[in-house]
Amino acid sequence: DDPATTPDTTSKDLTFLNVDSSMNGWRFYATVYSDGVLCELGSSPAVLNVEATLPTAKAIDLTDLLFNENWIIKCDNGTDQYDGISSFDLSLIDNYIRDTQDPAVFEVSYFLDPSDALDLSKTGITNPTTFTNTPDAAYDPASPTTQTLELHVRVRNINSNCIADPMSFELTINTVPLLVSLPDVEQCNDTVFDLEALQSTLSINAATETFEFFDSSGALITDPSTYELPNPSTSNEETISVIITSNSSAGLTPVCNTSTNITLKLGACDIPSAFPVIDEVLCETSTDPLGGGQDGYETFDKSIFTNIEADLITAEPLFGIFGTDISFYRSDVDATAGVATTVIDKTADYTTSAGNGFTENAAENRWEQEIWVRVENTTFATPCFDIKQVATLYINKLPELLTPTVDFNQCDLGIFNL
């Protein structure tokens, strides 16, 4: 070309047309010479590398036995397990994606932006062995949700810079069950615990999780909807262990789970409505020969309380549960209040006195004292009790004499009209 009319082409791209594999290895030279003296200068050869086929990127197939889903599906393992973050070693996937291609020739890189994967000037994720995701902007640690992130793959022939057709896959960060603080489960008068009903109160995402319950011996509870304490007469409470697993992590190693304990407490207090009111009767024991000074204050044997307590447990065996307290009071008001200052000492003989539940029945010529029972499980944080009148103590009055003796003189008649 005439340098006076043809621009310098040394910086122009050289374009090859109709390239095929037979041109692999062709050498090209550039020659520069002076128009005047034809002194030429030749360049070093440029070698044309032509690949017969493009690199390939094997698509991720979770059903492929050669692929370990734990490489791209993980549990939230951030600083607090509820930040939506996990760490991945992407280099574990390289050989699977590369398949049979020579790792010395074919380079695998990962990108967040699909356009970067096609740009040979971009190198991709710089820390593939310790890559951590960033959760969605709307992610809420108080209500964790599964996070996904699409990564784009580039397989490049490092000799020819040829790249495979675009391919992508998703990283998945499964949630770890987020537990809710649960107080002791206290159940009164019902021996059957429905543990399944507690699931929604144990975990925020209970609907997408699996629950396993284990008794205090470590045995799996096979029917958690109808669980009963093994020996309530010895202990009315039991600690149940619960393992909660995110359903989306099934098959992972390890699965996304967490564990907690719940305490069950059983109490019984419903007194059978047909339980009888017994009558106990004594006579007044005035020391006055004429029967004066009677006050209805008499002492009843403590066996009254022992017998009533035994009869209560017979009528309702649940009253034999550990922690059940059976106490006696003078009135319904005292029994309802249940304070220690008004409880009757059931280990000692009981002497009647003026006060609640003590009345004089003039029509029947006697005094009457009500006896009420309070049945309560004292281990409960929330009161579980029932009250009922179970006895009436009767103190019958003695006749009151006007005089200790009556002199009666009668003459001539042998019959006395008393």
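Colleague: In which order do the four strands of the open sheet stand?

Modeller: Sheet strands pair through backbone hydrogen bonds, either parallel or antiparallel. Here four strands form an open sheet in the order 5-10-9-7, with mixed pairing. Strands are DSSP runs (E, at least two residues), numbered from the N terminus. Two strands pair if DSSP finds at least two bridges between them. This is a predicted model: local features need pLDDT of at least 70, side-chain atom pairs count only at pLDDT 80 or more, and totals for chains, interfaces and linings use all residues. Residues are numbered from 1 along each chain as its sequence is written, and side-chain values use heavy atoms, with hydrogens and water left out.

Colleague: Which strands stand at the edges?

Modeller: Strand 5 (73-75) and strand 7 do; each has a single partner strand, so one side of each lacks a neighbour in the sheet.

Colleague: Do strands 5 and 10 run parallel or antiparallel, and how many bridges join them?

Modeller: Parallel, with three bridges. Cys-75 has Asn-174 in strand 10 as its bridge partner.

Colleague: In what sense does strand 9 pair with strand 10?

Modeller: Antiparallel, over seven bridges; strand 10 covers residues 167-174. Leu-149 stands opposite Leu-171 in strand 10.

Colleague: And over how many bridges do strand 7 and strand 9 pair?

Modeller: Six, in the antiparallel sense, with strand 7 spanning residues 106-111. Phe-106 faces Asn-157 in strand 9.

Colleague: How many residues of strand 9 are buried?

Modeller: Buried means under 20% relative accessible area (1.4 Å probe, protein chains only). In strand 9 (residues 147-157), eight of eleven residues are buried, so by this definition the strand is mostly covered.

Definitions and conventions
Buried means under 20% relative accessible area, exposed over 50%, partly exposed in between (1.4 Å probe, protein chains only).
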